[in-house]
Amino acid sequence: MLVLGIESSCDETGIALFDSDKGLLANELYSQIDIHREFGGVVPELASRDHIVKTVPLIKQCLKQTNLDLGNLDGVAYTAGPGLAGALMVGAAIGRSLAFSLGVPALAVHHMEGHLLAPMLAPPAPAFPFLALLVSGGHTQLVIAEKFGHYQIIGESVDDAAGEAFDKIAALLGLAYPGGPALAALATEGEADSFHFPRPMTDRPGLDFSFSGLKTAVANTWRDCGQRPEQKANIARAFEEAAVDTIRIKCQRALKQTQLKRLVLAGGVSANQRLRHAMQQLSKQRQIELFYPPAEFCTDNGAMIALAGCNRLMLGEWAEMQIQVKPRWPISELNETESI
Ligand code: KG4
Ligand code: ZN
């Protein structure tokens, strides 16, 4: 089965072709970073307008690269949520109408299910069941993935997501948007133990996260040290260590609680080297298998949507005729047969 995947939930237009037998055939990404940079964050209206401009040309590009045409498609999968309503509407409208015009099924994909399955785009693919740590710009969640389509959230952030915290601290330190990767790069130049920040919510039981207090602690320290440029890298390092350590402690607890033997990292923050290293240590210590996607599939992309869509289309699922999106859509609402 050949499936076209369309990702447009935020500031990246991702288009891919995934074949159930041959795997990923094409994967194109257009990032809107240059458009949003001057505003220091994603401007939803500008994001929607740009997805309108980029989606169809990228679909044509994927088909051209693979010497395929629209008639070869067996299904179209698009991100239907969670995300920015207008941005989601662009991908959903194009995807749903294209499928209708071709007489093939369409599938509304959950963006976080896409992230969760992204490690399966490159070998070795994790087998179910596993514990997933979803860490992106919008989510920080610990999820039991019992089998395909069955997900239980056992911990999540009560305020900022991990990626959001990276981006906000980066902005505070004057780094360009999107700050997560820039902050991580700066942290490699920082000296260990120059500063120490709290590991929020690790001193009490439970698997939930909170990053807003950590953000305040960093802001106060930055102010108190007179915002001296020579302290920037040290602060970045201490923040990254605190964030990663917090996530490690919660993952360790979740593994102990669930007794699961596989851990999957996914979402933009799973590209973070310090986080990967901490998780490698944890996996050795607990003798569990660790999986994370190649860097290009950590952040938003069309390949993960095409893969998730293909799996569901193969189970006989399809989206209704209405063009519908769900800007808020907990992953735990999914099950094997439900679609929107
Ligand atoms: O998954 P993603 O592309 O989009 C969402 O679904 O939110 O994640 C983007 C987030 C941003 O907050 C970005 O700063 C963060 O992932 N990110 C990183 C790194 N690469 C991306 N954070 C820390 N270290 C990185 N290397
Ligand atoms: Zn994402």
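Mentor: A residue is called buried under 20% relative accessible area, exposed over 50%, and partly exposed in between, with a 1.4 Å probe and protein chains only. Aspartate 193, at 71% relative accessibility, therefore counts as exposed. Before we go on, note that this is a predicted model, in which local features need pLDDT of at least 70 and side-chain atom pairs count only at pLDDT 80 or more, while totals for chains, interfaces and linings use all residues. Residues are numbered from 1 along each chain as its sequence is written, chains are lettered from A and ligands numbered from 1 in the order in which they are written, and side-chain values use heavy atoms, with hydrogens and water left out.

Trainee: What is the phi of aspartate 193?

Mentor: Most residues other than glycine have a negative phi, and most peptide bonds are trans. Aspartate 193, although not a glycine, has a positive phi of about 65°, and it lies in the loop between α6 and α7 (212-224). Such labels are DSSP runs numbered from the N terminus, helices being H or I of at least four residues and strands E of at least two. Asparagine 67 is also not a glycine and has a positive phi of about 55°; its loop lies between α2 (44-65) and β4 (75-81), and at 72% relative accessibility it counts as exposed.

Trainee: Which peptide bond that ends at proline 178 is cis?

Mentor: The bond from tyrosine 177 to proline 178 is cis, with omega near -5°, and proline 178 sits in the loop between α5 (162-172) and α6 (179-187). The bond from proline 123 to proline 124 is cis as well, with omega near 0°, and proline 124 has its place in the loop between α4 and β6.

Trainee: In what order do the strands of the open sheet lie?

Mentor: Strands of a sheet pair through backbone hydrogen bonds, either parallel or antiparallel. Here two strands pair if DSSP finds at least two bridges between them. The open sheet has 5 strands in the order β8-β7-β6-β9-β10, with mixed pairing. Because β8 (150-156) and β10 (289-291) stand at the edges with a single partner strand each, one side of each is left without a neighbour in the sheet. Strands β6 (residues 130-135) and β7 (residues 140-147) run antiparallel and are joined by 6 bridges, and leucine 134 stands opposite glutamine 141 in β7.

Trainee: Which atoms coordinate the zinc ion (ligand 2)?

Mentor: Donors are N, O and S atoms within 2.8 Å of the metal (3.2 Å for Na, K and Ca), and since water is not among the atoms, sites may look incomplete. The zinc ion (ligand 2) is coordinated by His111 (NE2), His115 (NE2) and Asp300 (OD), at 2.0 to 2.1 Å. Along the chain, these donors follow the spacing H-x3-H-x184-D. Histidine 115 in helix α4 (residues 111-117) and aspartate 300 in the loop between β10 and α10 (302-314) are 185 residues apart, a pair that links distant parts of the chain.

Trainee: Are histidine 115 and aspartate 300 buried or exposed?

Mentor: Both histidine 115 and aspartate 300 are buried. For another case, take leucine 107, which is found in strand β5 (residues 106-110) and, at 0% relative accessibility, counts as buried.
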